[in-house]
Amino acid sequence: MKEIFESESYEQTVGIAGDFAMTLKKGDIVLLDGDLGAGKTVFSKGIVEKLSDGKITAVSPTFVIVNVYETTPPIFHFDLYRISDESELSAIGAEEYLFSNSGISLIEWPSRASNYFAENVIKIYIEKLSDTKRKIIIER
């Protein structure tokens, strides 16, 4: 199933992500793809904000690779932009987060480790159309 949304603003992107968050369950792996600055982290923020009732603000895990948010269920937010190959994921114990079915995994820059993820994932592609406008494609 493919859903396509257009967002005119940061707030609208967060809202679309919040609505999407309500469909997620433990064990889901969400791959967020798009160019630099497309809005992958903004979309992640919308998910975390919704599942924490606005109590947690997600930040990009670019330098730490993974942030864990104590939502219900927990969210494991990965940013693979700085990894050089898939072996780095094993080195940080990513399998424990990704394949334990204990939480929801959000993966920014999944193409850096494309062979690492199972076929049963949710794919989100965000295209930057202008400074504020985005096209968001969700494939399940």
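This is a predicted model: local features need pLDDT of at least 70, side-chain atom pairs count only at pLDDT 80 or more; totals for chains, interfaces and linings use all residues.
Let's start with the strands. The model has an open sheet of 7 strands with mixed pairing, and their order is β1-β7-β6-β2-β5-β4-β3. At its edges stand β1 (2-7) and β3 (66-69); each has a single partner strand, so one side of each lacks a neighbour in the sheet. From one strand to the next, the twist averages 15 degrees.

Within this sheet, β6 and β7 run antiparallel and are joined by 6 bridges.

Helix α1 lies across β1, β2, β6 and β7, and runs at about 155 degrees to β1. Helix α2 also packs on the sheet, where it touches β2, β3, β4 (75-79), β5, β6 and β7. The direction of α2 makes about 165 degrees with that of β5.

## Nonpolar cores

The largest nonpolar core has 22 residues, and those touching the most other members are F20, V30, F43, I47, I75 and I124. At least two residues of this core come from each of α1 (10-21), β2 (29-33), α2, β5 (104-108), β6 (122-128) and β7 (134-139).

Beyond its neighbours within four places in sequence, F20 contacts V30, F43, I47, I122, I124, I138 and R140. There is also a second, separate core of 17 residues, with I29, F78, A113 and V121 among them.

## A closer look at S44

S44 sits in helix α2 (residues 40-51) and counts as buried because its relative accessibility is 0%. Its side chain makes a polar contact with the side chain of H77, at 3.4 Å. Setting aside residues up to four places away in sequence, S44 touches L32, A58, H77, L106 and E108.

Technical notes:
Residues are numbered from 1 along each chain as its sequence is written. Side-chain values use heavy atoms; hydrogens and water are left out. Helices (H or I, at least four residues) and strands (E, at least two) are DSSP runs, numbered from the N terminus. Buried means under 20% relative accessible area, exposed over 50%, partly exposed in between (1.4 Å probe, protein chains only). A polar contact is a pair of N or O atoms within 3.5 Å; within protein, one must be able to donate a hydrogen and the other to accept it, and residues adjacent in sequence count only if both atoms are side-chain atoms. Contact means heavy atoms within 4.5 Å. A nonpolar core is a set of buried Ala, Val, Leu, Ile, Met, Phe, Trp, Tyr and Cys residues joined through side-chain atoms within 4.5 Å. Two strands pair if DSSP finds at least two bridges between them. Axes are lines fitted to C-alpha atoms, for helices over the stretch in contact, and angles run from 0 to 180 degrees between N-to-C directions.
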